[in-house]
Amino acid sequence: MKGYGNAAIIASNLIAGQTSLPPRNAWNLAVAREFEKDSLRDKDCPRATFLALCQAGRVKAVPSGDYTRSQKNATYALEAVELLRADRRLSNTPKALWNAVMKSRNVRHNSQMDVVTALWNANLIVE
C-alpha cells in the first residue's frame with residue numbers, strides 16, 4: 001500500500017517506537033518516505049486528519065494532546081471512527097465511508113478517509 005493511509009501507519013509506528021516523537025514530526029517523516037513531491041508531502045487534509053485522531057487520543061501509543069487546529073477534518077475523522085464502530089464494512093472503501101460522513105453534502109474527498117481506514121484496518125485506532 002502506498003499513500004496517505006500508509007503514511008499514517010508509518011507515523012503511528014514511529015511514535016510507538018519513540019514516544020517522545022511528536023505526531024506532526026512523525027507525519028512529516030512518514031510522508032517523506034511515501035512521496036517525492038513536496039506538494040503531496042504538504043497536503044493538509046490527510047495530515048490534519050491524522051493529527052486530529054492523535055489529538056483525540058484515538059491512535060494507539062499516541063497520547064492525546066494539542067496537535068492541530070483543524071476543526072472540519074477533526075469532525076470528519078471522529079465521525080468516521082464512530083461510523084466504523086457501527087459498520088465495520090465501511091473500512092473496505094474509503095469513498096463509501098466519506099459519503100457516509102458527508103450525509104449528502106457535496107464535499108470532495110481529499111484522502112481523509114484513506115488515513116482513517118488504514119489506521120482502522122491496522123488496528124491502530126482506539127475505540
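The structure is a predicted model, in which local features need pLDDT of at least 70 and side-chain atom pairs count only at pLDDT 80 or more, while totals for chains, interfaces and linings use all residues. Residues are numbered from 1 along each chain as its sequence is written, and side-chain values use heavy atoms, with hydrogens and water left out.

Helix α6 spans residues 94–102; helices here are DSSP runs of H or I with at least four residues, numbered from the N terminus. Its buried residues (under 20% relative accessible area, 1.4 Å probe, protein chains only) are Leu-97, Trp-98, Val-101 and Met-102. These four lie on the same side of α6, because they cover an arc of only 135° around the axis, taken from the directions from the helix axis to the C-beta atoms. The buried residues of α6 pack against α5 (72–86) and α7 (112–121), with contact meaning heavy atoms within 4.5 Å. Just after α6, Lys-103 has a positive phi of about 45°.

Helix α7 is mostly covered, with eight of its 10 residues buried. The buried residues of α7 pack against α1 (4–17), α2 (23–34), α4 (44–55), α5 and α6. Just after α7 comes Asn-123, with a positive phi of about 60°.

Within α7 sits Thr-117, which counts as buried because its relative accessibility is 5%. A polar atom of the Thr-117 side chain lies 2.8 Å from the backbone oxygen of Met-113, and this side chain also reaches the backbone oxygen of Asp-114 at 3.5 Å. Leaving aside residues up to four places away in sequence, Thr-117 touches Leu-90, Ser-91, Pro-94 and Leu-97.

How values were computed:
Buried means under 20% relative accessible area, exposed over 50%, partly exposed in between (1.4 Å probe, protein chains only). Helices (H or I, at least four residues) and strands (E, at least two) are DSSP runs, numbered from the N terminus. A polar contact is a pair of N or O atoms within 3.5 Å; within protein, one must be able to donate a hydrogen and the other to accept it, and residues adjacent in sequence count only if both atoms are side-chain atoms.
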